[in-house]
Amino acid sequence: MVDVSDVAEPVTTERAASERPVIAAEHVDKVFNTRAGEVHAVRDVSLAVHSGQTLGLVGESGSGKSTMARLLMGLLPPTSGTVRLDGLDLSTVRGARLRQLRSQMQMVFQNPFGSLLPHYSAAANVAEPLRLHKRGDKAWRRERAVELLDLVGVNRRFVDHYPRQFSGGQQQRIAIARALALEPRLLVCDEPTSSLDVSIQAQVLVLLEELRSRLGLTVVFISHNLAVVERFADRVTVMCMGQVVESAPTEALFGAPRHPYTEKLLAAILPVTSDPLPQPDISWRSSPDQPSALVEVAPGHEVRES
Amino acid sequence: MTNSLLEVRDLRTDFLLKSGRLRVVDGVSLTVEPGQALAIVGESGSGKSITMRSVMRVLPKTARIAGGSVRLDGRELTELPERQMRQVRGRQIGMVFQNAMEALNPTLTLERQLTEHLSWHGICGKAEARRRAIETLGDVGIPEPEKRIRTYPFQLSGGMRQRAMIAMAMVARPSLLIADEPTTAVDVTVQRQILDLLAEFKARGTGIVMITHDLGVARYFCDDAVVMYAGRIVERAPVRELLARPSHPYSTGLFRSTIEVGGRDRALAPIPGAPPDLAQRPPGCAFHPRCERAESVCRENEQMLLPLTVNGVSRGTSGRPGAVREAACWKVAAHG
């Protein structure tokens, strides 16, 4: 393997040459061995997110976007390829050092109830990462947890309730508070607002926007909700069946999509205000057996040949 | 005057808790005509699902219908003996849920799940039931229905499962379909297919109640909408009117909270706070603690659902016969 210092930047962006990305994937593949045979969940994905930037990862269920999130977090080892945090290959780090790195990268999951400890109160859930990383004493951790819960809109009166006593939206707020407890640099959000009500979804997005700029967070934002991604991301990568089919600055992707699959996704949106209601139906079938190349069609705008 | 397909009047449903009765559906009235779709819009806990479960009388054990009337084709359902109610559910009302994997029985083939109630209710014999099941699977766009009828739910993709569930709801050709967030759990491209499929049943005359929190779905699919908050209807309007000019502050808030593609420049204005705990229902208008327009009258008294009129002429119904525009708010100026 090549030395860390002279690895080529994986994705061409205007900033890549001058600055090392916070998180980067280089030609990452992931194959799961299941009883039904091999499942090639992620195919040759390269991406990079720079400090303070937000990358939106979109695609339908089964596109490999959640697997990608776990790969970026070092929760799954890639079958081949490399994931780097601040240039450091995650697969070379173990034990205490890895734990220390993990405090810089936190995750908000799709299913808040599944990701919270059911027998811990809301405050204890949020204090848990602080305890694991030996921050402060017990009283300070609780105080900090209550502050964080307040920040995400969970009323002080309810901090000693258990996760199942909260609505889905409130549970997700608790999960976000927990993710922020260690003041991470990188936040990986996997469908963070999908389970929330409309008014709550907007609150959480406004909150995430605010936290992102205040804390200078670098964010990977995974969603199938294109409107949310358009609002939140600086750059968008579209995945289909484990592959990146298009990757572009947000405005370019929404304004001038180049790949038929991206067009198909955009055409499926049901607008609330704008007219006319959309037309169906661009049919495009992915053929993963015939690999084709990502081509740069404009500066920073890449499309897979179809 | 002829009967509507579904006519719900002043429906009230309580949860019986240790701490006492909790009213979760409070005086809901709504009407559905054949071939029309009504959207029930609101957040979780607003009572939209419990309202429709009250109509079908498939409530949790702790819930009771406390009053009001539910008429399907003119027939009162709230007082029907359970035996007959079962017939109504089997023949006249179909229901589609958010999560097909939970609604379908994982241990039975599609054939069993689609035909069982047909023969059980004596709607038709076994051979005819099978023929109908295959036909309905074809109708919902499942390829090779003769083969697929022998599969189990887990062998189908998410979109196909959703279709299979719709087939199960529609196989007895019910006149009313209740769809509870039918597209929330599916991908955007599948969402359109599912809605277009439901639209076909609608075009054939099925009345549809669609419970949703997605205003885009409501606009694409439904004719009329009611907005629910804390167990009550706060606004009723044709969908397009509602989205063009929401009048209740809660409807306005929902609308402003909605994120849509191309709306990046529009400032997000989420409604502050969260829906109330019904056990501690705010006095007066339940929405007043979150409402920027609230005044003392809102904190003390609740406004009824009243027609929006200008000089006695109803307004904002685009002239469609039967269309109604109502809101329950002290601050809506044009109340009668």
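## A hairpin in chain A

Ala298(A) stands opposite His301(A), a residue of strand 12 of chain A, in what is a predicted model. Strand 12 of chain A, which covers residues 301-304, pairs with strand 11 of chain A, which covers residues 294-298, and the two run in the antiparallel sense over 4 bridges.

Together these strands form a hairpin with 2 residues between them, and in this hairpin Gly300(A) takes a positive phi near 75 degrees.

## The overall form of chain B

Turning to the other chain, chain B contains 12 helices and 14 strands. Its radius of gyration is 21 Å, close to the 20 Å that the globule rule gives for 336 residues, and therefore chain B is as compact as a globular protein of that length. Taken along the principal axes, the box that the C-alpha atoms of chain B fill is roughly 65 × 50 × 45 Å.

Of the 336 residues in chain B, 46% count as buried. When one considers the contacts in chain B between residues at least 6 apart in sequence, 63% of them join residues that are at least 24 apart.

## Where chain B touches chain A

The two chains meet through 29 residues of chain B, which are in contact with 30 residues of chain A. On the side of chain B that touches chain A, at least two residues each come from helix 8 (188-203), helix 9 (215-221) and helix 11 (249-257) of chain B, and helix 9 of chain B gives the most, with 5 residues.

Sorted by class, this side of chain B has 12 nonpolar, 11 polar and 6 charged residues.

Technical notes
Residues numbered from 1 in each chain as written. Chains lettered and ligands numbered in written order. Predicted model: local features only at pLDDT ≥ 70, side-chain atom pairs only at ≥ 80, totals over all residues. Rg over C-alpha atoms; globule rule 2.2 N^0.38 Å. Buried ≥ 20, exposed ≤ 12 C-beta atoms within 10 Å, placed from the backbone. Contact = placed C-beta atoms within 7 Å. Nonpolar A, V, L, I, M, F, W, Y, C, P; charged D, E, K, R; others polar. Pairing = 2+ DSSP bridges.
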